[in-house]
Amino acid sequence: MLPPDAPVAAPRSVRPSRALVLGFVLFSVIGTAAAQEPLSFDIPSQPLAKALYAFSATTGIEVMVDARQAAGRHAPGVKGSLPPREALSVLLSGSNLVAREFGPGTVTLAAMSPAAAPMLENQRYFADVQRAVENALCADARTSPGHYRFALKLWVGPSGEVTRAKRLDTTGNPTLDDALDVMIPRISVGRSPPSHLAQPIALIVSPSETGPITGCSADMLAPRRAANR
């Protein structure tokens, strides 16, 4: 497959290069970024090959994919501050491709096996839940994460709305607890959960491991599956 005919321009300080290696297309931009460090993305919906080139231009991460597997596929848009791994997951949604290797400066994409599809779909939904909770917390100065810890369980209905919520502990601040109790039931994920997703979904909101911080970042929330109770 030929490289994108109209690649997204990279910043002036970097020079993109492309190469065809053993049937693989390598989207490469000099310079690297940590897979978990949030970056600002503004990639519109477009053919997957062009979207991967734009991803590489933004992150400096080399993306290698079999040209036949990328051909004819379309990627959704990605906009906002996200870790590269999470942004790539959004671009690949619906493509049947997954990141097999994610090193400091390169990622290899491959078709996922049928058995792995449900697990990957669940992981992507967990990421959607994480963003929904974080956005809700960040919308109110009283609940902005970074200086407190609490755990909760969420049940999400077919419409993507939280139908039931349970705060599992206290932040130690009764006023903050009350604000959270009002906010949590109003969370909307925006899409229905996968049919095979076990609920409730358990999350822990806590300060950074390096100490209390202010502001909102994607690594403050850790979604985890939990058994129904």
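Trainee: What does the accessible surface of the chain come to, and what share belongs to carbon and sulfur atoms?

Mentor: About 11,800 Å², of which 54% belongs to carbon and sulfur atoms. The areas come from the Shrake-Rupley method with a 1.4 Å probe, and for residues only the protein chains shown count as cover. This is a predicted model: local features need pLDDT of at least 70, side-chain atom pairs count only at pLDDT 80 or more, and totals for chains, interfaces and linings use all residues. Residues are numbered from 1 along each chain as its sequence is written, and side-chain values use heavy atoms, with hydrogens and water left out.

Trainee: How many helices and strands are there in the chain?

Mentor: Five helices and 13 strands. Both are DSSP runs, numbered from the N terminus: helices are H or I with at least four residues, strands E with at least two.

Trainee: Why is the pair F41 and F55 called stacked?

Mentor: Rings of Phe, Tyr and Trp (its six-membered ring) pair if their centres lie within 6.5 Å; planes under 30 degrees apart count as stacked, over 60 as edge-to-face and the rest as tilted. The centres of F41 and F55 are 6.0 Å apart and the planes meet at 10 degrees, so the pair is stacked.

Trainee: What does the pair tie together?

Mentor: F41 lies in strand β3 (residues 39–43) and F55 in helix α1 (residues 48–59), so the pair ties together parts that are 14 residues apart in sequence.

Trainee: What makes F41 buried?

Mentor: Buried means under 20% relative accessible area, exposed over 50%, partly exposed in between (1.4 Å probe, protein chains only). F41 has 2%, so F41 is buried. F55, at 0%, is buried too.

Trainee: Which other residues form an aromatic pair that is stacked?

Mentor: Y148 and F150. Their rings are 5.9 Å centre to centre, with 25 degrees between the planes. Y148 has a relative accessible area of 4%, so Y148 is buried. F150 is buried at 1%.

Trainee: How do you know that R164 lies over the face of W155?

Mentor: A charge sits over a ring if NZ of Lys or CZ of Arg is within 6 Å of the ring centre and within 35 degrees of the ring normal. R164 is at 4.0 Å from the ring centre of W155 and lies over its face.

Trainee: Why does Q199 count as buried?

Mentor: Its relative accessibility is 14%, so Q199 counts as buried. Q199 lies in the loop between α5 (174–183) and β12 (201–205).
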